[in-house]
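Morning, everyone. Let's walk through one structure together.

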Amino acid sequence: MSTAHPSDNHPAWGFSTQAIHRSRSPLDGSRAATMPIYQTSTYTQPLDGSAQQYEYARGDSPNREALEDTLASLEKGRFAVAFGSGMAACDAILRTLHPGDHVLAGQDLYGGVYRLFEKVYRPQGYDIDYCNFDDGTWIRQIRPQTRLVWLETPTNPLLMVTDIEEVAKQAHLHQLTVVIDNTFASPYLQNPLVWGADLVVHSMTKYIAGHSDVIGGAVIGNDQSWRDQLKFLRNAAGPILSPFDAWLILRGLKTLALRMEQHSRNAEHLVEFLGNHARVEQIYYPWTQPISHKQMGAGGGMISFVLKDGTTDRVYNVLRNLRLFQVAESLGGVESLVSHPATMTHSAVPEEERNQRGIVSGLVRLSVGIEEAKDLIADWEQALL
Ligand SMILES: *Cc1c(COP(=O)(O)O)cnc(C)c1O
């Protein structure tokens, strides 16, 4: 918001202090202790030459701006632009490209982003190559038409971690824009802009909102021209976040630090339990990869593992035994969820390619919630009997 924030004078405030206090001041002099919901589509015009902060709520609105201001500070960026979903945020970035432009994207992408690249942008003449950013080979795939590098770290569903600083350094030698999808880590565990990324995208639906009850997305960055372009596109095309959804997400964001600490702690207990279980063949967790210690504060709440001799039927039998972990897509909420990538999130990927990429029928993905660790372990103990 353009009004002064209590934290403007307190740049040293820590994560949770920013999350809780940046957005507290209402605009209306009511002395409300938290920000009310401005559920209005339009604002009256003074006609006296005085400055008008809000006009029509497709443009700017107070709840969305409060969320954006808080999110920008937590991601250590100069601006955030919120959208009606994570996909709308991704789409807004891609709309700034032109037919003939080329994108280098990570191999392990969220299915919806892959679909947007392949089913929406490629048919319009955009070109996308999927590459491995963990060795230098991707650099040879850069062409004069390459504009963007787009990757997730940790990835979905194998939770592989890529060195953001190293990729950004190489990409900037070629004037490429580096976009990091930071949904799995959240701004509490990882700030890609600090490591040289140009733009961060979030599905706020996941950890940022944190309660599996709202859909939203955002782009965060430092460059004013990106901010202007994204805000122009949002107003022109209209993929906005409603006042109530912005309010819900900001309410969730205030407890992000507490939640991520508990998600990570619970996940570490489960990694230890599952990693030593006779029926578990392999386990994937970001914190077991040394590079994660450089750029992440903890391992987060996502775990994947491979069930030994894990046919789809055997995996389904185990999942049916679970009482606390609910079988569902999505992640990042307070409640624990489990999914079977081969038949759920990644069923559209051909089987041969799935197996090649490690998304085998025995692979199970967990979004570990913030319940009591001992209850979560007991749930898997009885399910794997
Ligand atoms: C969920 C998700 C998205 C898409 O976000 P929506 O809010 O569902 O539109 C993008 N990237 C990642 C990594 C996701 O998990």
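First, a term we need: a salt bridge is a side-chain nitrogen of Lys or Arg within 4 Å of a carboxyl oxygen of Asp or Glu. Keep in mind that this is a predicted model.

Start with Glu118 and Arg122. Their side chains meet in a salt bridge, at 2.8 Å from N to O. Arg122 counts as partly exposed, because its relative accessibility is 29%. The pair does not stand alone. Salt bridges with shared partners link Glu118, Arg122, Asp127, Asp129 and Arg143 into one network.

How many salt bridges does the structure hold? The count is 17.

Here is another one. Arg95 pairs with Asp91, and the closest N and O atoms are 2.7 Å apart. Now the two ends. Arg95 has 45% relative accessibility, so Arg95 counts as partly exposed. Asp91 has 15%, so Asp91 counts as buried. The cut-off for buried is under 20%.

Next, Arg234 and Asp60. These side chains form a salt bridge too, at 3.5 Å from N to O. Which parts does this pair tie together? Arg234 lies in helix 7, residues 224-237. Asp60 lies in the loop between helix 1 (15-21) and helix 2 (62-74). So the pair ties together parts that are 174 residues apart in sequence.

Is Arg234 buried or exposed? Arg234 counts as buried, because its relative accessibility is 0%. Asp60 comes out at 21%, so Asp60 counts as partly exposed.

Now to the empty space. Rolling a probe the size of a water molecule over the atoms shows where such space is left. The largest pocket holds about 760 Å³. It is lined by 38 residues. Closest to its centre are Tyr110, Gly111, Gly112, Val113 and Arg115.

Which element gives the largest share of that lining? Helix 4 does, with seven residues. Helix 4 spans 111-121. Helix 3 (86-94) and strand 6 (199-203) each supply at least two residues as well.

Another is the Arg234 and Asp60 salt bridge. Thanks, everyone.

Note on methods: Residues are numbered from 1 along each chain as its sequence is written. This is a predicted model: local features need pLDDT of at least 70, side-chain atom pairs count only at pLDDT 80 or more; totals for chains, interfaces and linings use all residues. Side-chain values use heavy atoms; hydrogens and water are left out. Helices (H or I, at least four residues) and strands (E, at least two) are DSSP runs, numbered from the N terminus. Buried means under 20% relative accessible area, exposed over 50%, partly exposed in between (1.4 Å probe, protein chains only). On a 1 Å grid over the protein atoms alone, a cavity is a set of points where a 1.4 Å probe fits but cannot get out, and a pocket is an open set with protein on both sides within 12 Å along at least five of seven lines; lining residues have an atom within 4 Å of a point. Grid points are joined across faces, edges and corners, and a volume is the space filled by probe spheres set on the points.
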